[in-house]
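Please look over the structure shown here with attention to its aromatic rings. The briefing is meant for a reader who is new to it.

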Amino acid sequence: MRFAPIFAAAVMVVAAPVLAVAQDATPLVTAEWLKAQAGNENLKIIDIRDNIEGTDLGDLPYIANAAVAPYASAGWRVEVQGVPAQIPAPEQIAELIGSLGVDGDDHVVIVPWGTDSSEFGGATRVYWTFKYLGHDAVSILDGGWRQYDAQGGERVAEPAAVAAAEFPVTLRPELRATTADVEAALASGVKLVDGRPEAQFLGQSKSPIVRIEGTIPGAVNLPHSTVYSAEYASFALPETVATLTQALGLAADEENIVFCNTGHWASIIWFALHEVGGNEKTAMYDGSMAEWAADPSRPIQ
């Protein structure tokens, strides 16, 4: 199946002054846009690629002017009260972001490898983190390193040296669902969207960190792989997201909670619905099935 007609660079932005960039942050930016913004002191690039040193990229494996904070090891997610892969305490995650030279006036661009939807989920999870912390001036490089390198982005030998900054936090709790919120959603009929592969949704397989097979009762399934093209290294367009959500019977402005196993794949679906699709009533349950299924008294379908 070819994705070219529905997967493309979702945002084409003309180079603009830094302040305009910060005020009009768009969810996805292109490699051309990022190249045009090179040198803007309030544009901060965060390279979240894992295992850069272990790949064959020669002597120039890094992105020019980018701070490096690998998704798997920098501290973007931690275990909290026995639940894996949670967002750290606000002061802890603010310290990490500040150590990357990011302050409240900066427009952040997150760069993953861009290999497939699961790996791209590192970028959507970090993006959601910034939004949850109250920082709206954040974007993801559509297609990640794959598009950056294909478009001739500048490569350098070492990560950028950055001076630590003070990163302010104003939590937006409406973006993060708790277990109590999911229980309330079950009682009230709020839509629950499972972003895992179909086999896990149907209970035919499971993640090793989840106690039992199955899903939360009444959930609908929107697999994360449906909104990112591994072939073309690009995220789904708004019209594609609309088609997918309509097929699930989910209205464009209907309240919903997305989940997966640990809030990684769920962040991809949250990004698709909330940021690309424009549904501001979408929240993400980062505890997801790892937390939900840990208690045998909670229902599993």
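This is a predicted model: local features need pLDDT of at least 70, side-chain atom pairs count only at pLDDT 80 or more; totals for chains, interfaces and linings use all residues.

Residues are numbered from 1 along each chain as its sequence is written, and side-chain values use heavy atoms, with hydrogens and water left out.

**Aromatic pairs**

- A search of the whole structure finds 11 aromatic pairs, where rings of Phe, Tyr and Trp (its six-membered ring) pair if their centres lie within 6.5 Å, and planes under 30 degrees apart count as stacked, over 60 as edge-to-face and the rest as tilted.
- The rings of Trp113 and Trp145 are edge-to-face, because their planes stand at 75°, with the centres 6.3 Å apart.
- Phe120 and Phe235 form a tilted pair, with 5.9 Å from centre to centre and 35° between the planes.
- Ring pairs also join Phe120 and Phe235 with Tyr127, Tyr228, Trp270 and Phe271 in a cluster.

**Burial**

- Trp113 is buried, with a relative accessible area of 13%, and Trp145 is buried too, at 5%; buried means under 20% relative accessible area, exposed over 50%, and partly exposed in between (1.4 Å probe, protein chains only).
- Phe120 and Phe235 are both buried.

**Charges over rings**

- The charged end of Arg49 sits over the ring of Trp145, 4.0 Å from its centre, a term that requires NZ of Lys or CZ of Arg within 6 Å of the ring centre and within 35 degrees of the ring normal.
- The charged end of Arg298 sits over the ring of Trp292, 5.7 Å from its centre.
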